[in-house]
Amino acid sequence: MTSPLLEIDNLHVCFDTRAGTVQALRGVSLSLAPGETLGIVGESGSGKSVTAQAVMGLIDVPGRISEGEVRWQGRPLAGRNADRDARPVWGKEITMVFQNPMTSLNPLMTVGSQISEVIELHLGLSRPAARRRAAELLSSVGISGAERRLDQYPHEFSGGMRQRVMIAMGIACEPKLLIADEPTTALDVTIQAQILELMAELQEKMGLAIVLITHDLGIVAGLCHRVAVMYAGQIVETGLVDAIFENPLHPYTQGLIRSTPGLDAEEERLTAIEGAPPGLLQPPAGCSFLPRCPIGDKGCEAPQAMRIFETGMVACRKAGVPAWSEAL
Amino acid sequence: MTVAPMLSVSGLAVDYQLSSGALFRKHRSLNAVADVSFDIAPGETLGLVGESGSGKTTVGRAVLRRISAAKGTIVFDGEDITRLKGERLRRLRSRMQIVLQDPYTSLNPRMTVADIIAEPLIVHGLASSAEETRVVVAELLERVGLPRDAADRYPHSFSGGQRQRIGIARALALKPSLIVADEPVSALDVSVRAQVVNLMQDLQRDLDISYLFIAHDLAIVRHISHRVAIMYAGRIVEIAPRAAIYNRPIHPYTEALLSAVPIANPKLQRVRRRIVHPGEAVDIANPPSGCRFHPRCPLATERCRNEAPHLLRKAAEHFAACWNRDA
């Protein structure tokens with residue numbers, strides 16, 4: 001395999017609040033190869049978005065990276081020994097698309113000037129050249145009448161079209177990595193399907209690596225090569241998409257897949273994972289899924305080491321044991 | 001169906017006033033939903049699905065008489081409630097309840113859980129004494145799977161799933177026959193969503209409640225519903241028992257919608273063919289003539305451009321608003 005594009009190494013992120021220190025990320029490690037699509041799934045508060053923010057250098061007071069680092073093509077990008085010279089990578093080689101395109105576009109600027117701004121800043125193009133490039137970009141993300149639409153404001157675009165504009169901005173500088181944080185959550189399902197197809201197409205054409213953050217397992221199934229499952233600030237399982245869906249090893253992953261209804265199965269009852277994730281002010285020392293785990297025991301109260309399998313890694317000493325009985 | 005329906009809606013239309021933007025100019029009205037008809041049997045769940053702006057929430061609110069119908073009739077448990085007023089409307093309200101989407105904003109943060117759940121009892125004069133109210137609240141908490149000590153706490157100390165349970169307990173307080181659930185689980189995490197869906201199914205089985213389950217998530221709707229209605233641009237385009245909708249959709253829009261749902265199976269998902277109908281959802285302030293789906297429909301003919309189809313019977317209990325396609 002080629003050398004990794006992005007490496008996240010034992011990353012810890014804390015947020016200092018009045019109630020105490022929230023340990024949002026507790027030792028996250030990941031690596032991403034060029035052109036690869038990695039899905040990060042997990043519930044709200046599991047640390048998916050904080051991971052993305054750390055990679056983008058967006059962790060700011062009261063948050064801080066307390067341990068570990070993020071490396072971009074081998075250079076430390078974020079963390080204690082971050083290389084300041086590596087900073088121009090953000091926004092140029094690594095870009096990000098957010099969930100809500102209405103709040104991430106400036107309502108007072110035309111779409112054209114917002115896209116051109118990025119191009120002028122990062123590629124140093126002249127204004128007319130940047131505008132021509134912006135029009136090309138709009139066409140490439142499937143917006144017709146690009147020339148005319150450049151002079152329109154965000155409110156003149158529908159939700160799906162706005163997300164296309166965000167993606168156009170995201171790929172404006174031909175990045176190597178696009179981080180998409182719940183890019184289709186605010187959209188209707190038919191529009192969602194269009195955006196996901198667009199992302200897959202761009203990836204193929206540009207050789208783009210994508211980190212896709214989502215809570216929807218169906219989206220991961222269609223678009224990703226690999227998945228990382230997060231729970232309470234840690235990665236509990238990573239692996240190839242097919243392997244994880246076919247044979248999930250961690251009890252949480254098993255429960256997550258079984259609690260997702262399909263369009264054909266005739267299940268009478270969904271598998272529900274009782275309880276809720278632990279608070280991260282005082283996260284448990286051992287396995288954080290233990291209170292909700294049907295097969296956990298005394299031995300799970302100690303920190304869980306990552307066990308390496310043929311298709312991935314799992315932080316569970318009982319990995320592979322079926323956790324949820326057939327008849328619940 | 002031999003059983004009398006709990007709810008029977010026929011020919012429902014709801015209009016909204018649009019501000020014209022200028023003073024003294026005539027206000028335009030927007031036809032948000034029209035020609036909506038369906039029945040819900042006692043103990044049955046009808047799933048109402050559509051994309052944003054399709055009018056599904058409007059239908060739910062009209063059924064509950066929170067907004068008034070411009071046309072059509074709403075019959076609840078044998079009584080025409082379309083124009084009910086005053087005390088009789090108030091009494092009706094105790095029998096149909098709503099569960100809302102966002103458990104974070106739909107509960108008053110300054111009230112204890114006991115007060116939130118007991119409020120409908122007090123409003124409807126059904127709480128004879130403080131002691132009795134406490135007992136009823138305790139029963140309701142147990143019913144929805146919340147701990148007994150939840151009664152004296154405030155909403156902020158509960159997770160999203162637990163808050164939705166509080167909302168459900170409150171809706172159950174008046175022993176309703178019908179619950180309109182408007183996207184009740186779409187703000188919840190996957191694992192917690194299953195808890196709430198299971199709870200709603202248990203309650204229906206034990207208490208024989210009818211649900212109008214409004215959602216955009218086709219997989220959840222399929223799981224919980226007995227029958228499903230699909231809305232597009234303010235009209236029901238197809239209604240049928242769930243197996244028929246999901247296995248043998250008739251309307252081209254239903255077909256496209258189902259094919260766009262991502263399924264959590266990588267091998268299947270990669271080879272699935274999506275049925276694409278170009279174009280964006282219609283602007284319902286300026287709807288197209290005839291069938292509202294015709295500009296995007298591959299089967300559209302002259303008739304579709306001129307004449308809006310009503311729900312036509314295509315099979316035993318399977319209705320679709322399409323001139324061109326049969327079961």
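**Terms and their grounds**

Tutor: The model is predicted. In it, α3(B) is followed by B:Gly125, whose phi is positive, near 65°.

Student: What makes residues of helix α3 of chain B count as buried or exposed?
Tutor: The cut-off for buried is under 20% relative accessible area. In α3 (residues 113–123) of chain B, B:Val113, B:Ala114, B:Ile116, B:Ile117, B:Ala118, B:Pro120 and B:Leu121 are buried, so each of them falls under that limit. Their cover includes α4 (130–143) and α5 (160–172) of chain B.

Student: Why is the pair A:Glu246 and B:Lys267 called a salt bridge?
Tutor: The rule asks for a side-chain nitrogen of Lys or Arg within 4 Å of a carboxyl oxygen of Asp or Glu. Across the interface of chain A and chain B, 5 salt bridges are found.

Student: Which helix gives the most to the side of chain A that touches chain B?
Tutor: That is α7(A), with 6 residues. By class, this side of chain A has 16 nonpolar, 13 polar and 13 charged residues.

Student: How many residues of chain A and chain B are in contact, and what area is buried between the chains?
Tutor: 42 residues of chain A are in contact with 39 of chain B. The buried area is about 3,400 Å², with 51% from carbon and sulfur atoms. In chain A, A:Val189, A:Thr190 and A:Leu263 lose the most area to chain B, together 20% of what that side buries.

Definitions and conventions. Residues are numbered from 1 along each chain as its sequence is written. Chains are lettered from A and ligands numbered from 1 in the order in which they are written. This is a predicted model: local features need pLDDT of at least 70, side-chain atom pairs count only at pLDDT 80 or more; totals for chains, interfaces and linings use all residues. Side-chain values use heavy atoms; hydrogens and water are left out. Buried means under 20% relative accessible area, exposed over 50%, partly exposed in between (1.4 Å probe, protein chains only). Helices (H or I, at least four residues) and strands (E, at least two) are DSSP runs, numbered from the N terminus. Contact means heavy atoms within 4.5 Å. Buried area is the accessible area (1.4 Å probe) that two parts lose on being put together, summed over both. Ala, Val, Leu, Ile, Met, Phe, Trp, Tyr, Cys and Pro count as nonpolar, Asp, Glu, Lys and Arg as charged, and the others, Gly among them, as polar.
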